[in-house]
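Hi,

Here is the structure for your files. My notes follow it.

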Amino acid sequence: MITSELKPRARLPEWLRLKLPTSNTFAHTRSLLDELKLNTVCESAKCPNHWECWSKGTATFMIAGDRCTRACGFCAVAAAKPLALEADEPARVAEATRRMRLRHVVITAVARDDLQDGGAEHFNRTIEAVRAANPGIVIEVLVPDFLDRDASIEMVLAANPHIFNHNLETVRRLTPSVRSRATYDRSLCVLGKVKARRGGGIYTKSGLMLGLGETGEELLTAMQDLRRVGCDILTLGQYLQPTLAHLPVVEFVSPEKFSEYGKVAEGMGFRHVASGPMVRSSYHADEFHVPAIPQAAE
């Protein structure tokens with residue numbers, strides 16, 4: 001992993017200081033996840049929003065284990081040799097969505113480069129299980145790049161998720177130092193293939209972290225590149241250093257600047273844009289309203 005030379009973390013500006021919620025729902029959500037032995041990106045990636053999300057009775061499920069085969073410089077998920085897939089995990093995720101009465105679920109996973117299909121079949125089985133247990137739910141997947149293998153991409157699409165999310169994460173220049181094994185063009189290619197194969201039958205989504213040293217011009221180019229491959233939904237959020245061993249924050253981007261970038265993105269033709277310091281890929285994902293989403297084939 002690329003390190004930050006263990007320099008002290010910069011003090012957070014006022015707009016990034018959060019008040020912890022006191023809702024009893026937080027404890028209920030934690031208890032449910034523990035009971036069903038489910039991983040969430042909320043905890044594994046040290047997401048700053050997990051207090052709010054769990055207090056509202058929602059979570060982003062992370063399947064295929066909690067050990068990633070990649071060691072990206074921004075990500076707090078453990079990089080280690082993965083364990084075998086759990087055959088009953090799809091059913092446990094489905095049961096969680098049923099008990100939580102979710103109408104929109106986000107399912108993500110660690111990168112599983114050790115598997116021939118990158119975990120695509122496990123995604124497929126999870127999507128199918130969730131749909132069977134919770135008819136009518138909107139299913140969003142946040143997937144790794146699968147090394148751009150057509151069979152893996154098609155395996156996920158065969159389960160008909162409503163939204164296919166794959167994050168570009170950062171601008172072209174910074175990609176080699178921020179992302180492990182992933183490439184800027186490969187990510188664009190994956191998103192482009194999904195849109196080319198499913199067209200209006202699915203929405204594609206991607207996100208970028210700001211504050212890693214990108215310039216405004218580089219960010220605009222990245223947004224243009226995403227629109228070029230038909231990306232429908234964009235998230236822009238502030239990168240926060242999860243531990244001293246991860247990449248440092250170069251800049252805390254102001255809420256006003258995020259608002260400006262969001263308006264520019266909307267002008268480019270994205271169907272939905274979420275842009276703000278605390279925005280993450282799955283944060284308030286259900287704000288892309290259900291009536292606007294094409295129905296997946298049963």
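Arginine 70 is buried, with a relative accessible area of 7% (buried means under 20%, 1.4 Å probe, protein chains only). Arginine 70 sits in the loop between strand S2 (67–68) and strand S3 (78–79). Strands are DSSP runs of E, at least two residues; helices are runs of H or I, at least four; both are numbered from the N terminus. The side chain of arginine 70 makes a polar contact with the side chain of aspartate 113, at 2.7 Å. A polar contact is a pair of N or O atoms within 3.5 Å, one able to donate a hydrogen and the other to accept it; residues adjacent in sequence count only if both atoms are side-chain atoms. Neighbours within four places aside, arginine 70 also has contacts (heavy atoms within 4.5 Å) that include Asp145, Ser180, Arg181 and Arg186.

This is a predicted model: local features need pLDDT of at least 70, side-chain atom pairs need 80 or more, and totals for chains, interfaces and linings use all residues. Numbering starts from 1 along each chain as its sequence is written, and side-chain values use heavy atoms, without hydrogens or water.

Now the cores. A nonpolar core is a set of buried Ala, Val, Leu, Ile, Met, Phe, Trp, Tyr and Cys residues joined through side-chain atoms within 4.5 Å. The largest has 38 residues; Phe61, Val105 and Phe164 are among those with the most contacts inside it. Helix H5 gives the most to this core, 4 residues. Another core, of 30 residues, lies apart from it and includes Phe74 and Val253.

Overall, the chain has 10 helices and 9 strands. Buried residues make up 53% of its 298 residues.

Best wishes

How values were computed: Buried means under 20% relative accessible area, exposed over 50%, partly exposed in between (1.4 Å probe, protein chains only).
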